[in-house]
Amino acid sequence: MEPSPNQKFVRTVLGDISPEAMGLTYSHEHIIIDESYPTLGNPLFLLNDVEKVSEELHRFYAAGGRTMVDTMPADCGRNVRKLAEVSRRTGVHIIVPTGIHLEQYYLPNHWRYTYTEEQLTRLFVADVTEGIDAHDYNGPYVERTPHKAGMVKLATGDEKITAHQEKIFHAVVNTHKETGVPILTHTNFGKHALDQVNLFAKLGADLTHVVLSHVDRYQDINYNRELLQTGVKVEYDSAFRWKNEPNWTYKLLEALLSEFPDQITMGMDAAKSSYWQSYGGNPGLNFLITTFKVDLQQMGLGEYYNHIFFKNPARLYAFCKKILNFYK
């Protein structure tokens, strides 16, 4: 059921839904990565077979999953029509991003470097309010689809935040303030997460609708605690990645989940076909619903499962009411 214009809503690829309709939610995924500059560098990133992707998401739905947040933003493998088709086939709600990823996923002469802050803002806002380009801004024509973005993304790397990245921050926060759309960020192994939060606060973003990804890869409990004390939300996605080393995702959950139950979300960030069962890989996208759920119970933290996968994503991905100044 679609929400009324005066209610909070979450914007999915097939339309707006109420936050309560999200159900069990993975907060950082890569559902479709079409042929693009990133896949040329790493063929394992190629996730463009609608049949195989739908097969994996059918398993997710059968296990109780209902929503996934796709995190491949503008012109680096995003294909909104394929995402819409997967959602129709599987019944899984998909939130699609606008915004910009790390520099390494774009050619050196990409338009991201020459567009002004205002031009980037207008492009991102149009993705949210009008519809995402069927050709993902590969030009020269823009063909708006009925499928709109429900999140805006940016990314920083190992280096300190650059002047170019600050331009992206401004455009992302402008979009957030104009439309109410939530913000998701990429942090390389959690680096510069606090710098991101400080810049968001300076620019006037609502930190309760900002989520910083991959920060469980920063192996420091006090750093993660300091980050959570700002009020921002975090996304952990390495629970299945730790092999012969200590599982820092679990260490952080044991130390921080009871202290900050309303701020932690989780996903798989399974951006390689080698992680998908439908592509012949493992552990498969159901890891968090099966193995991890049991592990959380064994850690004595089972009572927080609903916070991580239901309550927190519903609050985070609802459009921000404090600064919302538009319509459906």
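User: What radius of gyration does the chain have, and what would a compact globule with 328 residues have?

Analyst: The radius of gyration is taken over C-alpha atoms, and the globule rule is 2.2 Å times the number of residues to the power 0.38. For 328 residues a compact globule would come near 20 Å, and the chain, at 18 Å, agrees with this. Its C-alpha atoms fill a box of roughly 55 × 45 × 45 Å along the principal axes. This is a predicted model, in which local features need pLDDT of at least 70 and side-chain atom pairs count only at pLDDT 80 or more, while totals for chains, interfaces and linings use all residues. Residues are numbered from 1 along each chain as its sequence is written, and side-chain values use heavy atoms, with hydrogens and water left out.

User: How many helices and strands does the chain have, and what percentage of its residues is buried?

Analyst: Helices (H or I, at least four residues) and strands (E, at least two) are DSSP runs, numbered from the N terminus. The chain has 10 helices and 11 strands. Buried means under 20% relative accessible area, exposed over 50%, and partly exposed in between (1.4 Å probe, protein chains only). Buried residues make up 62% of the 328.

User: Is His-147 buried or exposed, and which residues does it touch?

Analyst: His-147 is in the loop between helix H4 (117-129) and strand E7 (151-156). It counts as buried because its relative accessibility is 11%. Not counting residues up to four places away in sequence, His-147 touches Val-13, Leu-14, Val-80, Ala-84, Arg-88, Gly-131 and Ile-132. The C-alpha atoms of His-147 and Asp-127, 20 residues apart along the chain, are separated by 8.4 Å.

User: Where does Asn-247 lie, and which backbone nitrogen lies 3.0 Å from a polar atom of its side chain?

Analyst: Asn-247 lies in the loop between strand E10 (233-236) and helix H8 (248-256). At 18% relative accessibility, Asn-247 counts as buried. The backbone nitrogen is that of Tyr-250, 3.0 Å from a polar atom of the Asn-247 side chain. Leaving aside neighbours within four places in sequence, Asn-247 is in contact with Ala-239 and Trp-242.

Technical notes: A polar contact is a pair of N or O atoms within 3.5 Å; within protein, one must be able to donate a hydrogen and the other to accept it, and residues adjacent in sequence count only if both atoms are side-chain atoms. Contact means heavy atoms within 4.5 Å.
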